[in-house]
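Have the sequence and the 3D view open side by side.

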Amino acid sequence: MRTETDKVIIENVKCLRKKLKISQRQLAVIIDTSYSFVAMVENPNSHQKYSAHHLFLIAEDFDCDFSELFPPVNKK
C-alpha cells in the first residue's frame, strides 16, 4: 500500500523525469529494473513504489538533491 509520502515521491520523480525528457524505458535502465516496473510505479492504481536505492540512483542521475524527491518537511 502506498502512503501519501510515497505518492508525492512518485509524482516528483515523474515530473522531474518528464522535465529532463527521460522516458520510462531510460529510467528503467538508470535504476536497473524493467520498463514495466517503472510503468507500474507511475500507475496510480498500482501498489509498486521505488526503493531507497532506486531514489538514490535517480537523484544521482537527475543531478538533484535527494531531498528534492521528497515532500517538504513541516517544521514546527
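Helices here are DSSP runs of H or I, at least four residues long, and they are numbered from the N terminus. The model is a predicted one.

Start with α1. This helix has 16 residues. From its first C-alpha to its last it reaches 22 Å, close to the 22 Å expected at 1.5 Å a residue. Just after α1, Lys-21 takes a positive phi of about 55°.

Now ask which residues of α1 are buried. They are Asp-6, Ile-9, Ile-10, Val-13, Leu-16 and Arg-17. Looking down the axis of α1, these buried residues fall within an arc of 135°, so they line one face of the helix. The general rule behind such a pattern is simple. An α-helix has 3.6 residues a turn, so residues three or four places apart point the same way.

Turn to the other face. Away from its buried side, α1 carries the exposed residues Glu-4, Lys-18 and Lys-19. The cover over the buried residues of α1 includes α2, α3 and α4.

Next comes the largest nonpolar core. It has 19 residues. Val-13, Leu-27, Ile-31, Tyr-50, Ile-58 and Leu-69 touch the most other members. Two or more core residues come from each of α1 (4-19), α2 (24-30), α3 (35-42) and α4 (52-62). The largest share, five residues, is from α4.

Finish at Ile-31. What does Ile-31 touch, not counting residues up to four places away in sequence? Its contacts are Phe-37, Val-38, Tyr-50, His-54, Leu-57 and Ile-58.

Technical notes
Residues are numbered from 1 along each chain as its sequence is written. This is a predicted model: local features need pLDDT of at least 70, side-chain atom pairs count only at pLDDT 80 or more; totals for chains, interfaces and linings use all residues. Side-chain values use heavy atoms; hydrogens and water are left out. A nonpolar core is a set of buried Ala, Val, Leu, Ile, Met, Phe, Trp, Tyr and Cys residues joined through side-chain atoms within 4.5 Å. Buried means under 20% relative accessible area, exposed over 50%, partly exposed in between (1.4 Å probe, protein chains only). Contact means heavy atoms within 4.5 Å. The expected span of a helix is 1.5 Å times one less than its number of residues. The arc is that of the directions from the helix axis to the C-beta atoms.
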